[in-house]
Amino acid sequence: MSESVSIKSCATQEEAEFFKSLLETYGIHALINADDYAGLPLMTSGGVRLQVLEEDVEKATKILKDAEATD
């Protein structure tokens with residue numbers, strides 16, 4: 001069984017949701033892992049990490065890199 005791998009750190013839950021949605025339009029299942037401890041800012045607590053399965057890392061990384069290049 002494949003492991004989930006963090007491929008991007010995001011500053012907010014909304015940013016992570018945007019990138020998750022983008023990956024899912026390409027058929028890549030993505031997860032959001034947020035260390036949002038009560039009372040601590042996300043960046044202090046580890047932020048929000050976008051994760052995909054090991055076998056999707058290369059494709060997902062390319063999609064995110066291409067998306068960021070067009071901004």
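Ala60 is buried, because its relative accessibility is 0%, and buried here means under 20%. I start with that residue because the rest of the talk keeps coming back to its surroundings. Please keep in mind that this is a predicted model.

So, where is Ala60? Its place is in helix α3. Which residues does Ala60 contact, leaving aside its neighbours within four places in sequence? They are Ile7, Leu23, Ile28 and Val52.

Gly27 lies 33 residues away along the chain, yet the C-alpha atoms of Ala60 and Gly27 are separated by 9.8 Å. For Tyr26, the separation from Ala60 is 34 residues in sequence and 8.7 Å in space, again C-alpha to C-alpha.

Tyr26 itself sits in the loop between α1 and β2, the latter being residues 30–34. Is Tyr26 buried or partly exposed? Tyr26 counts as partly exposed, because its relative accessibility is 48%. If we set aside residues up to four places away in sequence, Tyr26 touches Lys59 and Ile63.

Next, the two helices. Helix α1 covers residues 13–25 and helix α3 covers residues 57–69. Their axes come within 10 Å and cross at roughly 120 degrees. At what angle does a pair stop being roughly perpendicular? The perpendicular range runs from 65 to 115 degrees, and roughly antiparallel begins over 145. The angle for α1 and α3 falls between those limits, so the two helices are oblique to each other. The crossing of α1 and α3 is right-handed.

Which residues make up this contact between α1 and α3? On the α1 side there are Phe19, Leu22 and Leu23. On the α3 side there are Ala60, Ile63, Leu64, Ala67 and Glu68. Sorted by class, the contact has seven nonpolar residues, no polar ones and one charged one. Ala60 belongs to this contact, and so does Ile63, which Tyr26 also touches.

Now the charged side chains. How many salt bridges does the structure hold? There are three.

Take Lys8 and Glu68 to begin with. They form a salt bridge whose closest N and O atoms are 2.5 Å apart. This pair links distant parts of the chain: Lys8 is in strand β1, residues 4–10, while Glu68 is in helix α3, and they are 60 residues apart. The two partners fall into separate accessibility classes. Lys8 counts as buried because its relative accessibility is 17%. Glu68 counts as partly exposed, because its value is 37%. Glu68 also takes part in the contact of α3 with α1.

Another salt bridge joins the side chains of Glu24 and Lys20, at 3.1 Å from N to O. Why are these two separated by about one helical turn? Because Glu24 and Lys20 are four residues apart in helix α1. Glu24 has a relative accessibility of 34%, so it counts as partly exposed. Lys20 is partly exposed as well, at 21%.

The remaining salt bridge is between the side chains of Asp66 and Lys62, at 2.8 Å from N to O. Asp66 and Lys62 are four residues apart in helix α3, and are therefore separated by about one helical turn. Asp66 counts as partly exposed, because its relative accessibility is 39%.

To finish, back to the start. Ala60 is buried, it is in helix α3, and it is among the residues of α3 that meet α1.

How values were computed:
Residues numbered from 1 in each chain as written. Predicted model: local features only at pLDDT ≥ 70, side-chain atom pairs only at ≥ 80, totals over all residues. Heavy atoms only, no water. Axes fitted to C-alpha atoms, helices over the stretch in contact; angles between N-to-C directions. Parallel < 35°, antiparallel > 145°, perpendicular 65-115°, else oblique. Left-handed = near helix turned anticlockwise from the far one by under 90°. Contact = heavy atoms within 4.5 Å. Nonpolar A, V, L, I, M, F, W, Y, C, P; charged D, E, K, R; others polar. Salt bridge = Lys/Arg side-chain N within 4 Å of Asp/Glu carboxyl O. Buried < 20%, exposed > 50% of the residue type's maximum accessible area, 1.4 Å probe, protein only.
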